[in-house]
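The entries below follow the order in which I looked.

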Amino acid sequence: MKNLIFIITFALITFSLTNPIRAEDDKNKQTDQASKAIKEIDLNEVMAECNKSFTIQMSYVDALNKTGSFPDESDKTPKCYVRCMLEKTGIMSSDGVFDLKRIPVVFANQHDGDFLVKDEVIASLCAERKEKCQCEKAYNFMKCFRTTEINYYEKETQ
């Protein structure tokens with residue numbers, strides 16, 4: 001009887017010690033998958049390609065990343081640049097449907113390669129768009145996404 005209790009206890013301890021290792025392995029696999037997907041998407045290459053069709057100043061991209069919007073929202077070219085970026089990265093289809101699962105993968109490089117579920121949640125808040133113009137739709141999606149993300153990080157750091 002003592003041997004049976006010892007074996008059961010040993011098995012439970014062994015299982016409990018290996019389970020965190022498996023969880024860490026799963027996290028590493030997700031990170032590896034995100035890294036592989038990021039390598040498939042060279043954002044600099046996509047930016048250069050989109051900038052050929054929709055030439056914008058990099059200050060517009062910086063403004064979108066820092067504030068969540070463009071300095072001049074009446075100019076359609078930067079909005080079409082955003083549409084191009086979202087389409088080329090697979091975040092948005094040509095008919096304006098957003099792939100929310102792509103967002104954390106594409107934006108993982110902004111988070112030191114971490115695949116953040118938060119990005120998918122934020123994107124889901126912004127994905128229901130009514131705009132007919134795909135450029136407007138893409139820009140308003142990114143504006144919503146970046147503004148929400150900026151506000152989230154401001155609250156987190158306070």
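Entry 1, helix H3. I began with H3, residues 58–67, in a model that is predicted, and I noted Tyr60, Val61, Ala63 and Leu64 as buried. Around the axis these residues cover an arc of only 160 degrees, which puts them on the same side of H3. Just after H3, I found Gly68 with a positive phi of about 95 degrees.

I then turned to H2, residues 43–53, where Leu43, Val46, Met47 and Cys50 are buried. Looking down the axis of H2, I saw its buried residues fall within an arc of 100 degrees, so they line one face of the helix. Asn44, Glu45 and Lys52, on the other side of H2, are exposed. Which helices are included in what covers the buried residues of H2? I listed H3, together with helix H4 (76–88) and helix H5 (102–106), as part of that cover. At the N-terminal end of H2 I looked up the cap, which is Asp42, with a side-chain oxygen 3.2 Å from the backbone nitrogen of Asn44.

How many aromatic pairs does a search of the whole structure find? The search returned four. Are Tyr60 and Phe70 buried or exposed? I recorded both Tyr60 and Phe70 as buried.

For the rings of Phe141 and Phe145, I noted centres 6.3 Å apart and planes at 20 degrees; planes under 30 degrees apart count as stacked, so this pair is stacked. Phe141 and Phe145 both lie in helix H7, residues 134–157, and are four residues apart, about one turn of the helix. With the cut-off for buried set at under 20% relative accessible area, Phe141 is buried because its value is 0%, and Phe145 is buried because its value is 1%.

Finally I returned to Tyr60 and Phe70, which form one aromatic cluster with Tyr139.

Methods
Residues numbered from 1 in each chain as written. Predicted model: local features only at pLDDT ≥ 70, side-chain atom pairs only at ≥ 80, totals over all residues. Heavy atoms only, no water. Buried < 20%, exposed > 50% of the residue type's maximum accessible area, 1.4 Å probe, protein only. Helix = DSSP H or I, 4+ residues; strand = E, 2+ residues; numbered from the N terminus. Arc of directions from axis to C-beta. Contact = heavy atoms within 4.5 Å. Polar contact = N/O pair within 3.5 Å; in protein donor to acceptor, adjacent residues only side chain to side chain. Phe/Tyr/Trp six-rings, centres within 6.5 Å; stacked < 30°, edge-to-face > 60°.
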